[in-house]
Amino acid sequence: MSSIDILHRHTKDLQQAREAVEDVARKLAERFDFAYRWDGDTLNFSRAGVDGRIRLAPEQLHVSAELGFMLSMLQGPIENEIRRVLAEKFR
């Protein structure tokens, strides 16, 4: 199994950050076909071969995910897309 672990700093208040994460999740869900739901300040996402979360905190996001065998081959592109979208939403 491969894992993704990204810490991303931000300057948004928690409500703005939550809205931006929701937008990120929607875009990534369209591209990678996964389901997501909120549990407090943590957005959990999953699909066959992926189990992950985005935790919101003041000034920082923590994206973590475990990738199954098949998706581990796509770890680089998945991680790059997450970083690209985070950079776009959290300038």
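Guide: Here come a few labels, each set against its cut-off; keep in mind that this is a predicted model.

Visitor: Okay, why is Met73 called exposed?

Guide: Exposed means over 50% relative accessible area. Met73 has 58% relative accessibility, so Met73 counts as exposed. You'll find Met73 in the loop between helix H2 (69-72) and H3. Together with Phe69, Met70 and Leu74, Met73 makes a nonpolar surface patch of about 500 Å².

Visitor: What makes Arg9 and Glu59 a salt bridge?

Guide: The rule asks for a side-chain nitrogen of Lys or Arg within 4 Å of a carboxyl oxygen of Asp or Glu. For Arg9 and Glu59, N to O is 3.4 Å, and the pair is a salt bridge. Arg9 sits in strand S1 (residues 2-9) and Glu59 in the loop between S4 and S5, so this pair ties together parts 50 residues apart in sequence.

Visitor: And are those two buried or exposed?

Guide: Arg9 is exposed, because its relative accessible area is 56%. Glu59 comes out at 47%, so Glu59 is partly exposed; that label covers what lies between under 20% and over 50%.

Visitor: How do you know that Arg18 and Asp41 meet in a salt bridge?

Guide: Their N to O distance is 3.8 Å, and the cut-off is within 4 Å. This pair links distant parts of the chain, with Arg18 in helix H1 and Asp41 in the loop between strand S2 (35-39) and S3, 23 residues apart. Arg18, at 25%, is partly exposed, and Asp41, at 38%, is partly exposed too.

Visitor: Why is Asp23 called buried?

Guide: Buried means under 20%, and Asp23 has 18% relative accessibility, so Asp23 counts as buried. Asp23 also meets Arg26 in a salt bridge at 3.7 Å, N to O. The two are three residues apart in helix H1, which means about one helical turn separates them. Asp23 and Arg26 also belong to a network of salt bridges with Lys89.

Visitor: One last thing: what is the lining of the largest pocket made of, by class?

Guide: There are 16 nonpolar residues, one charged and no polar.

How values were computed. Residues numbered from 1 in each chain as written. Predicted model: local features only at pLDDT ≥ 70, side-chain atom pairs only at ≥ 80, totals over all residues. Heavy atoms only, no water. Nonpolar A, V, L, I, M, F, W, Y, C, P; charged D, E, K, R; others polar. Patch = residues over 30% accessible without salt bridge, like charges linked within 9 Å, V, L, I, M, F, W, Y side chains within 5 Å. Areas by Shrake-Rupley, 256 points an atom, 1.4 Å probe, with all protein chains shown as cover. Helix = DSSP H or I, 4+ residues; strand = E, 2+ residues; numbered from the N terminus. Buried < 20%, exposed > 50% of the residue type's maximum accessible area, 1.4 Å probe, protein only.
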